[in-house]
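Subject: Structure handover

Hello,

Here is the structure I promised to pass on. Please open it first, then read the notes below it.

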Number of protein chains: 2
Amino acid sequence: MKIGIMGFGVVGGGVGELVATNAESIKRRCGEDVTIAKILDLRDFPDSPYKCFTKDFNDILNDEEIGVVAEVMGGINPAYQFTKQLLMSGKSVVTSNKELVAKHGTELLKIAAENNVSYLFEASVGGGIPIIRPLYTSLAANELTDIYGILNGTTNYILTQMIKEGATFEDALKGAQQKGYAEKDPTADIEGHDTCRKTAILASLAFGTYVDSEEVPCEGITKITLEDVKYAAKFGSVIKLLGITSRAENGVYAMVCPAILPGEHPLAGIDDVFNGIMVRGDGLGDVMFYGRGAGALPTASAVLSDIVDVVKHKGAGISLGWEPGKDGYLLDAETLPARFYLRLKGSADSFAGKPGYSVYTLDGEKYAGEFAVVTPEVTGQRLCEMIADKNELGSYDILGKIRLVAE
Amino acid sequence: MKIGIMGFGVVGGGVGELVATNAESIKRRCGEDVTIAKILDLRDFPDSPYKCFTKDFNDILNDEEIGVVAEVMGGINPAYQFTKQLLMSGKSVVTSNKELVAKHGTELLKIAAENNVSYLFEASVGGGIPIIRPLYTSLAANELTDIYGILNGTTNYILTQMIKEGATFEDALKGAQQKGYAEKDPTADIEGHDTCRKTAILASLAFGTYVDSEEVPCEGITKITLEDVKYAAKFGSVIKLLGITSRAENGVYAMVCPAILPGEHPLAGIDDVFNGIMVRGDGLGDVMFYGRGAGALPTASAVLSDIVDVVKHKGAGISLGWEPGKDGYLLDAETLPARFYLRLKGSADSFAGKPGYSVYTLDGEKYAGEFAVVTPEVTGQRLCEMIADKNELGSYDILGKIRLVAE
């Protein structure tokens, strides 16, 4: 089987490397040789062992020997048009492009099915962690109810530095950039957009109907302070950025937000650039997947696993997909009840003995004018009312607010 | 698609329950209805909603409508003969029977391939955790190097009770039996045999050549004492029963033994009846799978995922398998270097300042006559020599000995 690669950046280079070094085991699993026939990239790579570069997409599109193409160029354009043309011409496409899957996945999966080829995207969520394939194979016998997890390594690295090393958000971000874990423009990571796209893909696949990432409420970690981290530690908890989705009777919930997890929660111990994804089904209970969520070789290994799958299924598209989105299907996350952590300016006196509230203070003069409470279980809506009401919480300035995830 | 079930015990009952409750989602994933046509069991189940029981295996074998049979009866006989006959008659078989897969998997997989049907065993390792399928699909593009994990919920529950509650081994075992986590005869669990079969299955599948579980060195947890647990806590570690296998140039290593893990190791936090399996590949780094390793519904959900896979691949066997075993392929685990924890009777004086050794003592009069050391990295062979040598360790009685797993 001959393959094409579109985009020879970090992931594309990793695919090239893995195909070369693991040729033998890939052949054993596929039953045939897998070789790279063409690589599309506008740049020159004079030092690459590969000599099959092209700058013209048509060289891949029109190469009848190429049966599957790895789209690892990222972004919507021209990846969207290229992918569409490839699928319509009877070539399977595998991708790490979460942006494209989140935006046009419904259409691309439909085109793939109509043309009896596959559109696979194991690498779009969780890097090297197998999560997409288990959702449509191993866990297929379950009614899945909840999926939530740490889906972005950059923000998890920053939070880990804040929790373990006492670094400020700014210093931790700078450190992440120096280590190459964060982009020069870190917006997509720290504002939660990357987590949000992955959450929408998981929700669409697990629950069978498209969820548009642009409609999912999304909050990043830029407002998290060292004080929040310290208060959470006071009650044995840690702050993680989570993508959360769950099925309800009449639709699904989905959101991205910082969340406070108890220290004994399986996701609480997942540090640095690692990802962890928790899946709950009616039969199997909780299952967690853990590993490196990014990086050249882990992501390339996921891309390659999709290629192997296509080769093994030659002549038949691998059926996965979801129904188009519909109005009202994505439910209002503010109606989901939870306990909330609030950091408040002022004196904690009026919370003394208030039923359902736990009150926390930090030692040290600099924390004298503030405190934190954990509220009883309320909806986000109700919490907003409480915050506005002078008699409830409205007499305090809110310095921080984070949802608790209990289990 | 019509299915048969052989054995209507805990797992078989779970399969029946899941097929009924999740009929709709199973149909969505398979593209067709899945219904139970015959259930083989010698017992009567007058209260079951199913009315298709039989006591005669031939009723399943000769039912031409049945395309796949769930063998969830356990044990070698008659499951082995039944499975063989079913595969030879062109029916796929899916199973939770780790004993049978570990013993006759090579032959049964070969018969399945010859007859263009499938023999699948996702439920044989890790209960509801998807681990078998990722090994031959998602991780297929990797050269896998190491697999190790907590594969038995009963022993993990017992060890957790010892670590967290200070229960003795005997009390923890009794508690596990009361809760239904341990059998009346707990030998297979506490002596490590169950972990050993699962380890051999993982090694065979991941590295491509059969490993006979009966040749894998196997030590259970019956010798672990509360003192060992306390010494391990002294250096921030916990004791877990691990199945370990790794690939070397000229063969594989495999063993089952209690191991001391540092507290920050991802497996260290896996408590109670949960399982965790760590897989290391050259491309993806470390990936961990976590979930309930046993129980009716988790295991049934894995059995059912195999059934769904068979239905989706109708007309084509799902190719997996391994080469027959060969002499010398299983390497001597005693040649694998590690640091070891030793609990010794006597005074620690002669270890003061001994290079490479760390010395630990417990407070309290009852521990006055003993201490523990962690040795430098040595092979098991070399350790035996050291223990025999009067000038090294031979002047001490060995009260306990446990391998350390660093990462």
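Strand 11 of chain A, residues 285-292, is joined to strand 11 of chain B by five bridges. The two strands run antiparallel. Look for F289(A): its bridge partner in strand 11 of chain B is F289(B). Please keep in mind that this is a predicted model.

Now the wider contact between the chains. On chain B, 41 residues are in contact with 41 residues of chain A. Which elements of chain B each supply at least two residues of that side? They are helix 2 (23-30), helix 6 (132-136), strand 11 (285-292) and helix 12 (296-312). By class, the side of chain B that touches chain A has 19 nonpolar, 14 polar and eight charged residues.

Next, the core. The largest nonpolar core has 264 residues. Those with the most contacts inside it are V303 and I307, in chain A and in chain B: V303(A), I307(A), V303(B) and I307(B). What does I307(A) touch, leaving out residues up to four places away in sequence? The answer is I3(A), V34(A), V68(A), A70(A) and V94(A).

Last, helix 11 of chain B, residues 226-234. Its buried residues are D228(B), V229(B), Y231(B) and A232(B). They lie on the same side of helix 11 of chain B, because they cover an arc of only 165 degrees around the axis. In general, an α-helix has 3.6 residues a turn, so residues three or four places apart point the same way. Just after helix 11 of chain B comes G236(B), with a positive phi of about 70 degrees.

Best wishes

Definitions and conventions:
Residues are numbered from 1 along each chain as its sequence is written. Chains are lettered from A and ligands numbered from 1 in the order in which they are written. This is a predicted model: local features need pLDDT of at least 70, side-chain atom pairs count only at pLDDT 80 or more; totals for chains, interfaces and linings use all residues. A nonpolar core is a set of buried Ala, Val, Leu, Ile, Met, Phe, Trp, Tyr and Cys residues joined through C-beta atoms within 7 Å. A residue is buried if 20 or more other C-beta atoms lie within 10 Å of its own, exposed if 12 or fewer, and partly exposed in between; C-beta atoms are placed from the backbone. Two residues are in contact if their C-beta atoms, placed from the backbone, lie within 7 Å. Helices (H or I, at least four residues) and strands (E, at least two) are DSSP runs, numbered from the N terminus. Ala, Val, Leu, Ile, Met, Phe, Trp, Tyr, Cys and Pro count as nonpolar, Asp, Glu, Lys and Arg as charged, and the others, Gly among them, as polar. Two strands pair if DSSP finds at least two bridges between them. The arc is that of the directions from the helix axis to the C-beta atoms.
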